[in-house]
Amino acid sequence: MASGSNFHRLPEPEYKRLTMTFDGRTIEARSGDSVAAALIAAGVTVTRTTPVSGVSRGPYCMMGVCFECLMEIDGVQNVQGCMVQVREGMSVRSMAGARTVSDARTPGDG
Amino acid sequence: MARPSYDVIVVGAGLHGLSCALNLAREGLKVVALDKDHPGRHASGVNAGGVRRLGRHEAELPLTMAALEIWHRIEQEVGDSCGFVACDQIKVAESGSEADTLQARLLRLRELGYDHEQWIDADELRRRVPAIAPHCVGAVLCAGDGSANPFRTVMAYRRAALSAGVEIRENCPALALSPAGSGWRVDTPQGPLDGGAVMNCAGTWGNTIARALGEPVPVTPAALMLMITERLAPFLKPVLGAAGRTLSFKQFDNGTLLIGGGHRGTAEPECNRSRVKMVGLSISAQTVGALFPQLADVRVVRSWAGLEGMMPDDIPVIGPSSRADGIYHAFGFCGHGFQLAPITGRIMADLLVRGHSGLPIEAFRIDRFAAADMAAMDTPEQRISA
Amino acid sequence: MVDPVPLLIMGSGPAGLAAAQEAVRAGVGALLLDEQPTGGGQIYRALGEATGERQKTLGTDYAAGAPLLTVLSAQCLDHQPGATVWEVSPDGTVYYTRQGQARAVSAEQVILCSGAMERPMPFPGWTLPGVMTCGAAQILLKGAGVFPASGAVLAGSGPLLLLLAKQLIGARARLAAVVDTTPADNYRGALKYLPGALRTPGYLLKGLSMIRTLSASGVPWYRGASGLEAIGDDAVAGLRFKVRGRQHEVACSNLFLHQGVVPNVQLSRSLGLEHHWDGLQRCWRPILDGWGASALERIAVAGDAGGIMGARAAEAHGRLAALGALNRIGVLSETERDRRAAGARAVYRREILPRPFLDRLYRPHPDYLQPADDTIVCRCEEVTAGQIRKYVELGCLGPNQTKAFGRSGMGPCQGRVCGLTVSEIIAQARGVPLEQVGYYRIRPPIKPVTLGELATLEQPEDA
């Protein structure tokens with residue numbers, strides 16, 4: 001269990017352990033976890049700041065209704081973290097305000 | 001029993017109807033505006049809000065110029081900003097032949113004495129729209145156009161009309177039209193109303209009055225679709241269109257993207273509703289994908305369709321009836337009437353009060369269609385008898 | 001292009017699974033779409049993979065879903081988990097995205113089993129990180145075996161609040177407090193419905209067992225609480241509330257809220273179905289016949305999506321809806337439909353008997369139907385109750401006109417979380433019945449779909 005988390009896991013050795021990163025920090029997860037559940041288990045409370053006022057928010061409903069747990073998962077912004085299952089090596093980042101748009105790729109950028 | 005009596009009965013309290021009512025009331029006339037639903041239920045309330053001169057039909061140029069002047073001081077006109085923001089409008093060329101077409105139009109505009117549209121090359125386009133796909137070769141730019149919030153605009157006109165003394169009757173369709181004394185009687189579920197004149201601003205349903213007067217026009221209903229995305233960090237200042245595709249694309253101040261493009265949903269005017277069709281939205285999404293490939297992961301949060309009256313020559317009917325005194329038409333704006341609304345009301349008030357408008361409206365006369373055009377159109381259920 | 005299917009079931013909770021069972025039994029190849037990665041809905045979430053430890057913690061009502069889940073392995077059922085439905089059109093075309101690919105499929109009959117969602121419970125601070133729903137806590141337990149071992153407060157009203165308390169106590173969590181907001185006069189108001197509820201006494205006995213567990217646990221249990229306020233800077237740190245005029249404050253690191261569940265009506269609304277206002281449950285429900293069929297000949301609604309009824313009633317309702325649909329597509333005669341439906345109809349009638357009692361007993365506290373002016377109502381767009389009231393002063397008549405004034409309901413959740421509250425506020429501010437102000441007009445897509453998915457949509461030729 002990550003230090004600082006009020007959340008514990010039931011004693012269930014059956015589930016496979018996975019690792020992912022959140023804002024660069026390594027997080028331990030179990031197979032079957034949603035990304036949001038794994039983060040909560042690891043003591044993460046804030047997963048984004050809002051595009052309206054910039055205040056912090058975290059997961060709220062965990063069932064795809066509220067869209068509070070929007071995060072960047074493997075490079076895709078504004079994904080509902082409660083609706084995606086953890087995969088080994090997944091890279092997750094918090095969202096800071098609105099999603100961003102890159103300039104056009106110039107030919108040769110790949 | 002005294003029947004309610006007005007100088008003018010405006011049928012249809014959408015944006016054009018409200019603008020007519022407001023301008024007529026400001027001329028000191030007693031005006032009632034009827035709406036079968038409520039103001040802004042269809043095209044007026046749910047369009048893209050483009051305040052655009054770019055790409056206008058030649059016949060509309062004098063009107064669009066005059067309308068823009070009012071838009072730039074819309075707060076004085078109706079007491080609310082209507083969410084109007086001035087910005088550039090850009091129409092992108094994706095190939096040399098598209099560029100040729102756009103430049104031919106620019107030449108024609110110069111001949112007519114207009115210079116509001118300007119050519120910009122690929123580098124300048126990229127400077128103004130850094131996110132645009134690299135294959136775009138240039139664009140036409142119209143500086144000083146803008147966009148506004150449609151529903152807010154309708155509500156602002158509604159409030160302004162009410163405070164100018166207009167009576168607005170909602171859920172009050174015009175059922176029948178008949179001559180009464182020197183004027184007209186309009187039967188409604190709320191009883192008959194007498195008016196010295198009638199303004200037909202019934203949008204998609206405008207033909208029902210025209211038909212009753214024996215001057216039907218080939219107007220067809222269309223459900224024009226729009227969609228809107230989640231918020232994005234600011235990346236697009238101008239409103240964007242494309243020469244070779246139907247597209248209206250802009251980013252609001254709040255970061256959301258509005259994607260329109262004239263693709264049509266299912267219009268059911270007889271049921272008073274419309275529905276989006278995913279096939280058309282899919283084409284709009286493909287268009288955005290071609291011009292901004294990096295937006296593929298952006299989420300669409302809402303889509304909708306608004307019922308609008310389309311004309312075969314893509315311009316509205318504006319002017320007096322060719323058959324009956326005291327009846328005036330302004331409908332069939334073909335999906336680009338929003339910008340014109342402030343001036344339509346002015347024109348209609350001038351026609352009624354002064355007998356003429358200072359602006360050229362000959363091209364919009366109701367009897368411009370030949371019998372052949374009429375034969376080609378379907379005949380929707382007639383609701384009004386005269 | 002995907003071939004048409006005879007029966008499409010959306011949602012694999014009790015109603016959807018039972019509907020699938022009836023289809024399988026009738027030999028009809030149904031398509032079962034569900035947004036979640038595994039079948040079971042929220043009530044039986046992840047039950048198929050749950051360890052003995054997890055089942056023990058969650059209790060017998062959770063494990064009771066096992067027989068229903070067996071249908072997922074039936075040969076003729078096409079179960080597609082992880083499928084997000086974002087549009088259903090009145091002609092029975094269903095649009096969904098799965099594994100990044102958007103598709104459309106036409107169905108002769110569609111049964112919407114989209115279940116329930118938590119009723120919003122807005123009060124100052126409810127948007128702070130660390131504040132979640134009691135449903136979310138259960139999802140953490142069911143889906144990941146994760147629970148708040150310390151520092152959690154449960155607040156609100158309703159059976160789920162007590163059930164969660166019992167489950168957490170069973171998992172040896174040290175709860176900071178349970179703060180019950182059920183108004184005292186609800187008990188008096190519910191009394192007249194008690195005789196009906198006693199005809200199906202199981203629910204009440206379970207409730208008493210939960211209450212006993214909570215009483216015996218030593219967890220501070222505040223009843224009749226009002227004036228809730230979550231405090232904290234960047235995350236919740238405590239809950240303030242009043243009990244009989246006395247101010248309390250409990251420190252916490254997590255706050256779980258509940259004040260009942262309401263039907264998820266996004267799809268039925270988006271289809272344009274007529275809904276009526278259920279005054280006892282204080283929510284909208286689509287108008288359906290005895291087979292869950294709607295006014296659209298291809299669309300039926302089953303389970304909590306058609307009105308809150310609970311898991312057992314939803315299961316029976318799902319059967320009835322499937323049998324009705326199988327009759328409409330000509331697979332079952334009316335006689336055969338009615339014969340197969342007899343058992344389910346009896347279960348349904350019995351299981352909904354306690355509803356009026358529960359609905360009245362757990363009617364939300366007025367504080368959270370009419371939040372104070374400074375409370376955020378629309379979480380996505382950060383619109384407060386006071387702003388909505390201001391819109392009404394400016395002439396706003398209903399939820400659909402709020403867009404002329406601001407952006408409530410226009411964020412990514414598409415009004416799911418704020419819709420009921422916005423209608424309640426406008427109705428009270430205008431002094432008219434809620435029915436008269438109506439609800440948001442729900443526009444497709446009912447779940448966000450990406451431009452890329454939309455651009456590559458595979459759809460029937462004639463869509």
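Which residues in helix 10 of chain B are buried?

Analyst: In this predicted model, the buried residues of helix 10 of chain B are Ala341(B), Pro342(B), Ile343(B), Thr344(B), Gly345(B), Ile347(B), Met348(B), Ala349(B), Asp350(B) and Leu351(B). That makes 10 of its 14 residues buried, and the helix is accordingly described as mostly covered. Buried here means a relative accessible area under 20%. An α-helix has 3.6 residues a turn, so residues three or four places apart point the same way. The length of the helix can be checked as well: at 1.5 Å a residue, the 14 residues of helix 10, residues 341-354 of chain B, should span 20 Å, and the end C-alpha atoms are 20 Å apart, which agrees. Just after helix 10 of chain B comes Gly355(B), which takes a positive phi of about 85 degrees.

Arg169(B) lies in strand 7, which runs over residues 167-169 of chain B, and because its relative accessibility is 16%, Arg169(B) counts as buried, the cut-off being under 20%. Its side chain takes part in a polar contact of 3.4 Å with the side chain of Tyr6(B), and it also makes a polar contact of 3.3 Å with the side chain of Gln190(B).

From here the view can move to where chain B meets chain A. The contact takes 15 residues from chain A and 15 residues from chain B, and the area buried between the two chains is about 1200 Å², of which carbon and sulfur atoms give 61%. Arg99(A), Val101(A) and Ala104(A) supply 47% of the area that chain A buries against chain B, more than any other three residues. Arg99(A) also forms a salt bridge with Glu230(B), the closest N and O atoms being 2.6 Å apart, and one salt bridge is what the rule finds across this interface. Alongside this, five residue pairs are in polar contact between chain A and chain B, counting pairs with both residues at pLDDT 80 or more. The side of chain A that touches chain B divides into eight nonpolar, four polar and three charged residues.

Chain A itself has one helix and eight strands, and along the sequence these follow the pattern β-β-β-α-β-β-β-β-β. Its C-alpha atoms fill a box of roughly 50 × 35 × 25 Å, taken along the principal axes. Of the 110 residues in chain A, 54% are buried, and among its contacts with a separation of 6 or more, 40% are between residues 24 or more positions apart.

Chain A also meets chain C, in a contact that takes 37 residues from chain A and 49 residues from chain C. The area buried between chain A and chain C is about 3600 Å², and carbon and sulfur atoms give 60% of that area. The count of salt bridges between these chains is two; one of the salt bridges joins the side chains of Arg379(C) and Glu68(A), at 2.6 Å from N to O. Across the same interface of chain A and chain C there are 16 residue pairs in polar contact, both residues at pLDDT 80 or more. On the side of chain A that touches chain C, the elements giving two or more residues are strand 1 (7-9), helix 1 (35-41) and strand 5 (56-57) of chain A, and the residues of this side divide into 20 nonpolar, 11 polar and six charged.

His317(C) lies in helix 11, residues 311-328 of chain C, and counts as buried because its relative accessibility is 7%. Leaving aside neighbours within four places in sequence, His317(C) is in contact with Gly292(C), Val301(C), Ala302(C), Gly303(C), Met309(C) and Tyr348(C). Gly245(C), by contrast, is exposed, with a relative accessible area of 65%, and lies in the loop between strand 14 (238-243) and strand 15 (246-251) of chain C. Although Gly245(C) and Ala225(C) are 20 residues apart in sequence, their C-alpha atoms are 9.3 Å apart in space.

Notes: Residues are numbered from 1 along each chain as its sequence is written. Chains are lettered from A and ligands numbered from 1 in the order in which they are written. This is a predicted model: local features need pLDDT of at least 70, side-chain atom pairs count only at pLDDT 80 or more; totals for chains, interfaces and linings use all residues. Side-chain values use heavy atoms; hydrogens and water are left out. Helices (H or I, at least four residues) and strands (E, at least two) are DSSP runs, numbered from the N terminus. The expected span of a helix is 1.5 Å times one less than its number of residues. Buried means under 20% relative accessible area, exposed over 50%, partly exposed in between (1.4 Å probe, protein chains only). Contact means heavy atoms within 4.5 Å. Buried area is the accessible area (1.4 Å probe) that two parts lose on being put together, summed over both. A salt bridge is a side-chain nitrogen of Lys or Arg within 4 Å of a carboxyl oxygen of Asp or Glu. A polar contact is a pair of N or O atoms within 3.5 Å; within protein, one must be able to donate a hydrogen and the other to accept it, and residues adjacent in sequence count only if both atoms are side-chain atoms. Ala, Val, Leu, Ile, Met, Phe, Trp, Tyr, Cys and Pro count as nonpolar, Asp, Glu, Lys and Arg as charged, and the others, Gly among them, as polar.
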